[in-house]
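These are my notebook entries on one structure. I looked up strand pairing, cores, pockets and a cavity, in that order.

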Amino acid sequence: MCRWLAYSGSPILLKEVLYGGPNSLVDQSLHSRLGAEPTNGDGFGFGWYGDQPTPGVFHSIEPAWNDSNLRDPSEHISSPLFFTHIRAAIGSAVQQTNCHPLRHDHWLFMHNGYINDFATIKRDLILAVVPSLYPQIQGQADTEVVFYLGSADRAMGRRRE
């Protein structure tokens with residue numbers, strides 16, 4: 001099971017949720033007490049909202065507890081709104097383009113879970129993505145397809161029921 005956290009509140013440093021305390025996200029990914037696997041080591045990512053019109057994102061295929069490039073930005077990035085995600089891959093490759101959160105314009109997206117039998121419906125779902133958004137799909141995970149299906153609705157001001 002993937003581990004993720006979304007935060008909205010007073011600005012805090014990212015390191016507080018990634019490394020702070022016995023239930024930090026990195027600790028959970030290394031010592032899972034409730035998941036099917038004891039570790040989540042198939043990459044990670046974080047996205048944050050700051051002074052720019054679009055959110056920043058950072059992805060890595062390293063295990064979060066082992067990536068020396070994660071600690072430094074986490075000690076400098078303070079935000080009132082961010083997403084963090086530590087991946088446990090189910091059926092898709094361990095590669096940066098499959099790491100969450102995903103970004104399109106001012107939206108960030110991540111989810112925990114998977115679409116059962118995704119390979120059998122993938123073609124139909126991809127063909128339902130608005131053609132102008134199709135080139136944005138970089139990875140092969142179900143999450144990205146779902147995100148771009150919803151992005152078309154947001155771009156057109158529609159809501160799915």
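Which residue in E3 does Phe44 stand opposite? I found that Phe44 stands opposite Ser60 in E3.

Entry 1, basis. I am working from a predicted model, in which local features need pLDDT of at least 70 and side-chain atom pairs count only at pLDDT 80 or more, while totals for chains, interfaces and linings use all residues. Residues are numbered from 1 along each chain as its sequence is written, and side-chain values use heavy atoms, with hydrogens and water left out.

I took helices (H or I, at least four residues) and strands (E, at least two) as DSSP runs, numbered from the N terminus. Strands count as paired if DSSP finds at least two bridges between them. E2 and E3 pair in the antiparallel sense over five bridges, and six residues lie between them in a hairpin.

I used "buried" for under 20% relative accessible area, "exposed" for over 50% and "partly exposed" for in between (1.4 Å probe, protein chains only). A nonpolar core is a set of buried Ala, Val, Leu, Ile, Met, Phe, Trp, Tyr and Cys residues joined through side-chain atoms within 4.5 Å. The largest such core has 14 residues, and Leu14, Leu18, Ala64, Leu70, Phe82 and Ile86 have the most contacts inside it. At least two residues of this core come from each of strand E1 (3–13), helix H1 (15–18), helix H2 (25–30), strand E2 (44–49) and strand E4 (78–86). I also noted a second, separate core of 11 residues, including Val129, Val130, Phe147 and Leu149.

I then looked up the contacts (heavy atoms within 4.5 Å) of two residues. Beyond its neighbours within four places in sequence, Leu14 is in contact with Phe46, Ser74, Ile77, Phe82 and Thr84. Ala88, in the loop between E4 and E5, is buried, with a relative accessible area of 17%. Not counting residues up to four places away in sequence, Ala88 touches Met1, Cys2, Asn40 and Asp42.

On a 1 Å grid over the protein atoms alone, a cavity is a set of points where a 1.4 Å probe fits but cannot get out; a pocket is an open set with protein on both sides within 12 Å along at least five of seven lines; lining residues have an atom within 4 Å of a point. Grid points are joined across faces, edges and corners, and a volume is the space filled by probe spheres set on the points.

The largest pocket has a volume of about 280 Å³. Of its 19 lining residues, Ile90, Gly91, Ser92, Tyr114 and Asp142 are the closest to its centre. H4 gives the most to this lining, with three residues.

The second largest pocket holds about 250 Å³ of space. Of the 14 residues that line it, His59, Leu102, Arg103, Gln138 and Glu144 are the closest to its centre. E5 supplies the largest share of that lining, three residues.

How many cavities of 30 Å³ or more does the structure hold? I found one. The largest cavity has about 40 Å³ of space. Its lining consists of Leu18, Phe44, Gly45, Phe46, Ala64, Leu70, Thr84, His85 and Ile86. E2 and E4 are the elements that give two or more residues to this lining.
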